[in-house]
Amino acid sequence: MEATLEAHLFSGSTLDGYTSAVWHASALLADRVKAVRQPYSGASVAELQTQVDAVDLDRPLGDTGAALHEVARLYLDNAVWFHEPTYVAHLNCPVAIPALSAEVLISAVNSSVDTWDQSATGTLIERRLIDWTAGRIGFGPDADGVFTSGGTQSNLQGLLLAREETLAGRDRTDAIPRLRTFATTESHFSVSKSAGILGMAADAVVGVATDGTGRMDPVALAAAIEDVRRDGGIPMAVVATAGTTDLGRIDPVAEIAGVCESQGIWFHVDAAYGCGLLVSVRRRHLLDGIERADSVTVDFHKSFFQPVSSSAIVVRRGETMRRIAVHADYLNPRTATVPNQVDKSLQTTRRFDALKLWMTLRTIGSDRIGDMFDTVVDRAHEAYQFIVDEPDFEAVAPPTLSTVLFRFRPEGLSVAECDALMPRLRQKLFYGGQAIVAGTTIGGHYWLKFTLLNPNTTMGNLKDVLDLIREIGRDMLRNEEPEVAAVMA
């Protein structure tokens, strides 16, 4: 019995089984990808639910190959393929092959980078990448940071650090209900979620007006801060966004930094989306002022083309991270003389995800990554111009990064009718499987959204998606109520 169990565990004595399983998995994947012609199979939730429910998890197949074939049928045959050029929905990117080779090492060795005695060089590689990222941001030698699971966790940690800095020397019971964070309605939902997790009041996130283009208005910010102080609140943090989810807008970081510096408020920049600009030769200036932030969120698994997950929180002054350090004698005692990353992480056990970025940088370099990100931004500008020239489409505004909001609205279709049609059109497009776009609401109206993170997506691909949307839209209108169908008569 013991021999049977050991045969399924990775070790020096089971390498034949390991290499066979990895080869089999990669071969199955390659076969499926060769046959992929669209981003989704079109299968319904009910169809897939039936297939998954039919599996008896208490009756193992007893063979890795058989299990892989079952998974290929359940998962690969119905996966959403981000590398397909007509997948233009969310902030999901095709991934760099060097990073995939790193995944093989990460999974098998299974290092945990919370302490030195579980990771050794893994800790040093992660710290070196944090230093490199801090340098790209413009932080000095006192900077620090840690890899995280994603932008939501990075934003949470940034606000946690802001809370602890603000509470220093204050009565916590009295102060916490009065803490306030400032952000726009375009900020990521994780800002409000973080406020709740941190035990702040229901109205702790104060909305700041935008300038009409979706960017935070620094004058309105200063006024909002004064209003909070006047009402007895305690300004805790300002969250600027470098790449809003819907419009891809970049808040005026330098001006906001000036307000925060004059008011003595923690300044956090959520650059989960726009962090690709850190390695852009042509557009790095769009992040000018980010070096004045106290903390920055970066998502390498968005605009650095890394597999999920690969994110980080980076701070300008490393000492601020020590406010959240908790020591355990069995793990990271205060007397430790080696670097233990758990001192500054919200997680304990943590994958060595930094190796993926390391492999990518060492193989293709930062300039190539920046070029790929610039390519998708260029494509978004081309797409916007094409859309506004099409008589039966309309767009919200010119893009800043790589998102374009638009909708199919032929002449005679009212705004209300268009709002009702768009979400149903998007759903029908998804279950057709040929293309996937996102959808969102701006100003009370529903829009479709191209989110471009694939450098291999061409204008030809996007024109094909628009033609498909037009075709589906016209077909749906012909089958609507008589007054709506008359639009297509």
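## Glutamate 103 in helix α5

In this predicted model, glutamate 103 is part of helix α5, which covers residues 97-109. Its relative accessibility is 17%, so glutamate 103 counts as buried, the cut-off for that class being under 20%. When residues up to four places away in sequence are not counted, glutamate 103 touches Pro307, Val308, Arg351 and Lys356.

## Glycine 276 in a loop

Glycine 276 is found in the loop that runs between strand β6 (266-271) and strand β7 (295-299). With a relative accessibility of 0%, glycine 276 also counts as buried.

Which residues does glycine 276 contact, once its neighbours within four places in sequence are left aside? They are Ser303, Phe304 and Phe373. Lysine 302 stands 26 residues from glycine 276 in sequence, and the C-alpha atoms of the two are 8.1 Å apart in space.

## An open sheet of five strands

Five strands make up an open sheet with mixed pairing, and their order is β1-β11-β12-β10-β9. The edges are taken by β1 (87-88) and β9 (393-395); each has a single partner strand, so one side of each is left without a neighbour in the sheet.

Within this sheet, strand β11 (residues 436-442) and strand β12 (residues 445-451) run antiparallel and are joined by five bridges. Isoleucine 442 has histidine 445, in β12, opposite it.

## The chain as a whole

The protein chain contains 17 helices and 12 strands. Its radius of gyration is 25 Å, close to the 23 Å that the globule rule gives for 489 residues, and the chain is therefore as compact as a globular protein of that length.

## Burial, surface and charge

Of the 489 residues in the protein chain, 51% count as buried. The chain exposes about 22,500 Å², and carbon and sulfur atoms supply 53% of that area.

The protein chain carries 45 positive and 62 negative charges. The mean position of the positive charges and that of the negative charges are 3 Å apart.

How values were computed. Residues are numbered from 1 along each chain as its sequence is written. This is a predicted model: local features need pLDDT of at least 70, side-chain atom pairs count only at pLDDT 80 or more; totals for chains, interfaces and linings use all residues. Side-chain values use heavy atoms; hydrogens and water are left out. Helices (H or I, at least four residues) and strands (E, at least two) are DSSP runs, numbered from the N terminus. The radius of gyration is taken over C-alpha atoms; the globule rule is 2.2 Å times the number of residues to the power 0.38. Buried means under 20% relative accessible area, exposed over 50%, partly exposed in between (1.4 Å probe, protein chains only). Accessible areas come from the Shrake-Rupley method with a 1.4 Å probe; for residues, only the protein chains shown count as cover. Lys and Arg count as positive and Asp and Glu as negative; His and the chain ends are not counted. The place of a charge is taken as NZ of Lys, CZ of Arg, CG of Asp or CD of Glu. Contact means heavy atoms within 4.5 Å. Two strands pair if DSSP finds at least two bridges between them.
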